[in-house]
Amino acid sequence: MVIRVYIASSSGSTAIKKKQQDVLGFLEANKIGFEEKDIAANEENRKWMRENVPENNRPATGYPLPPQIFNESQYRGDYDAFFEARENNAVYAFLGLTAPPGSKVYNIVIQLLYELW
């Protein structure tokens with residue numbers, strides 16, 4: 001499974017740049033493999049992202065803005081959804097990945113399983 005983060009390398013928005021850096025920095029720091037898909041430099045990436053963000057996740061007017069996160073072709077969410085998952089220690093679940101052994105989430109799951117036994 002490949003995490004794909006759709007970004008805009010030449011965005012004029014400081015807020016979008018910060019959100020993109022936040023997502024990419026988190027993935028790098030946690031050694032979560034991902035691909036950057038630049039919608040500013042590649043029209044096919046822009047078209048694909050716009051077509052594959054579900055209707056209920058699109059803004060009322062205009063197009064969905066980066067960063068948009070997918071696991072392969074499965075939509076996972078935008079920056080706000082990512083941020084909420086991070087705050088709730090649920091990024092791996094948000095991304096559709098299994099938490100690696102030794103991670104905080106993995107240790108919580110193991111503890112819960114132990115308590116159920």
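The paragraphs below go from the whole chain to the sheet, then to one helix and the cores, and end with a loop residue.

What is shown is a predicted model, and the chain in it has 5 helices and 4 strands. Read from the N terminus, these elements follow one another as β-α-β-α-β-β-α-α-α. Of the 117 residues of the chain, 32% count as buried. Among the contacts between residues at least 6 apart in sequence, 54% join residues that are at least 24 apart.

An open sheet of 4 strands is arranged in the order 2-1-3-4, and its pairing is mixed. Its edges are formed by strand 2 (34-38) and strand 4, each of which pairs on one side only, while the twist from one strand to the next averages 25°. Strands of a sheet pair through backbone hydrogen bonds, in either a parallel or an antiparallel manner. Strand 1 and strand 2 run parallel and are joined by 5 bridges, and within this part of the sheet Val5 stands opposite Glu36 of strand 2.

Helix 1 lies across strand 1, strand 2 and strand 3, and its direction makes an angle of about 155° with strand 1. Helix 2, residues 43-52, lies across strand 1, strand 2, strand 3 and strand 4, and runs at about 80° to strand 3.

Helix 3 can be followed in more detail. Which residues of helix 3 (residues 79-87) are buried? They are Tyr79, Phe82, Ala85 and Arg86. These residues are on the same side of helix 3 because they cover an arc of only 125° around the axis. The face turned away from that buried side carries Glu84 and Glu87, which are exposed. The cover over the buried residues of helix 3 includes helix 1 (14-29), strand 3 (68-71), strand 4 (74-78) and helix 4 (91-95). At the start of helix 3, a side-chain oxygen of Asp78 comes to within 3.2 Å of the backbone nitrogen of Asp80, and just after the helix Asn89 adopts a positive phi of about 50°.

Leaving aside neighbours within four places in sequence, Phe82 is in contact with Val23, Phe26, Ile69, Val91 and Phe94. The largest nonpolar core has 17 residues, and of these Leu27, Phe82 and Leu95 touch the most other members. At least two residues of this core are supplied by each of strand 1 (3-7), helix 1, helix 3 and helix 4.

The last stop is a residue outside the helices and strands described so far: is Tyr63, in the loop between helix 2 and strand 3, buried or exposed? Tyr63 counts as exposed because its relative accessibility is 51%, and the cut-off for that class is over 50%. Tyr63 is 12 residues from Glu51 in sequence, and the C-alpha atoms of Tyr63 and Glu51 are 9.7 Å apart in space.

Conventions:
Residues numbered from 1 in each chain as written. Predicted model: local features only at pLDDT ≥ 70, side-chain atom pairs only at ≥ 80, totals over all residues. Heavy atoms only, no water. Buried < 20%, exposed > 50% of the residue type's maximum accessible area, 1.4 Å probe, protein only. Arc of directions from axis to C-beta. Contact = heavy atoms within 4.5 Å. Polar contact = N/O pair within 3.5 Å; in protein donor to acceptor, adjacent residues only side chain to side chain. Core = buried A, V, L, I, M, F, W, Y, C linked by side-chain atoms within 4.5 Å. Pairing = 2+ DSSP bridges. Axes fitted to C-alpha atoms, helices over the stretch in contact; angles between N-to-C directions.
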